Amino acid sequence: MEIRDISRRVGIAAGVVTVLALGAPYAVLSGGTYASQLADYYASGVVGAAGIALFALLSVVVVASVEQGNLDPGTLAGAAVVLGVATTLSAATWALAIEPSPMFRDNLWLVWHARAVVALSVPIPVAAAAYARELLA
């Protein structure tokens, strides 16, 4: 396989996995007890979890559509890099802005959840940059 194919698949998979990991607390804890704390958890940061999910899914769409030929591949590859960086930076600001709540005491895995989302989002810009480098080389 070429580096372009591998980096494209890694970028798509990383975006999808980031969104799935981002939604894990909602899937596990969506109940009456933690509803307001969970809402505060997801609303933390500059753009909140919804913005991170938006950037990640847009990255997936852009990376997946580069090979379709509808637009200039170089432009789309550059847009994928920018969206990947925006995803990772927004995830990092979200992780830094989260305030601990009693929900964290009862669910200790939430302490590492935001950091895991940041770590899972890092391959998006890396794969997009590798793809752009191979495309433009």
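Student: Where is Ser90?
Tutor: Ser90 sits in helix α5. The model is predicted, so local features need pLDDT of at least 70, side-chain atom pairs count only at pLDDT 80 or more, and totals for chains, interfaces and linings use all residues. Residues are numbered from 1 along each chain as its sequence is written, and side-chain values use heavy atoms, with hydrogens and water left out.

Student: What makes a stretch a helix here?
Tutor: A DSSP run of H or I with at least four residues; strands are E runs of at least two, and both are numbered from the N terminus. On that basis the protein has 8 helices and 0 strands.

Student: Why is Ser90 called buried?
Tutor: Its relative accessible area is 8%. Buried means under 20%, exposed over 50%, and partly exposed in between, with a 1.4 Å probe and protein chains only. The 8% falls under the limit, so Ser90 is buried.

Student: Which residues does Ser90 touch?
Tutor: Val47, Ile52 and Phe55, not counting residues up to four places away in sequence. Contact means heavy atoms within 4.5 Å.

Student: Asn107 lies in the loop between α6 (102–106) and α7 (110–121). Why is Asn107 called buried?
Tutor: Its relative accessible area is 13%. That is under 20%, so Asn107 counts as buried. Leaving aside neighbours within four places in sequence, Asn107 is in contact with Leu29 and Tyr34.

Student: Leu108 is also in the loop between α6 and α7. Is Leu108 buried or exposed?
Tutor: Exposed, with a relative accessible area of 61%. The value is over 50%, so the label holds.

Student: What makes Leu108, Val111 and Trp112 a patch?
Tutor: Patch residues have over 30% relative accessible area and no salt bridge; nonpolar side chains (Val, Leu, Ile, Met, Phe, Trp, Tyr) are joined within 5 Å, like charges within 9 Å. A salt bridge is a side-chain nitrogen of Lys or Arg within 4 Å of a carboxyl oxygen of Asp or Glu. Leu108, Val111 and Trp112 form such a nonpolar patch on the surface, with about 350 Å² of accessible area together. The areas come from the Shrake-Rupley method with a 1.4 Å probe; for residues, only the protein chains shown count as cover.

Student: How do you know that the buried residues of α3 share a side?
Tutor: The buried residues of α3 are Leu38, Tyr41 and Tyr42. They cover an arc of only 90° around the axis, which puts them on the same side of α3. The arc is that of the directions from the helix axis to the C-beta atoms. On the other side of α3, Ser36, Asp40 and Ala43 are exposed.

Student: What makes a set of residues a nonpolar core?
Tutor: Members are buried Ala, Val, Leu, Ile, Met, Phe, Trp, Tyr and Cys residues joined through side-chain atoms within 4.5 Å. The largest core has 19 residues, of which Leu22, Tyr41, Trp94 and Met103 touch the most other members. Its largest share, 4 residues, comes from α7. Apart from it lies another core, of 11 residues, among them Ala77, Ala80, Ala128 and Ala132.

Student: Which residues does Leu22 touch?
Tutor: Leaving aside neighbours within four places in sequence, Leu22 contacts Tyr42, Ala49, Ile52, Ala53, Trp94, His113 and Val117.
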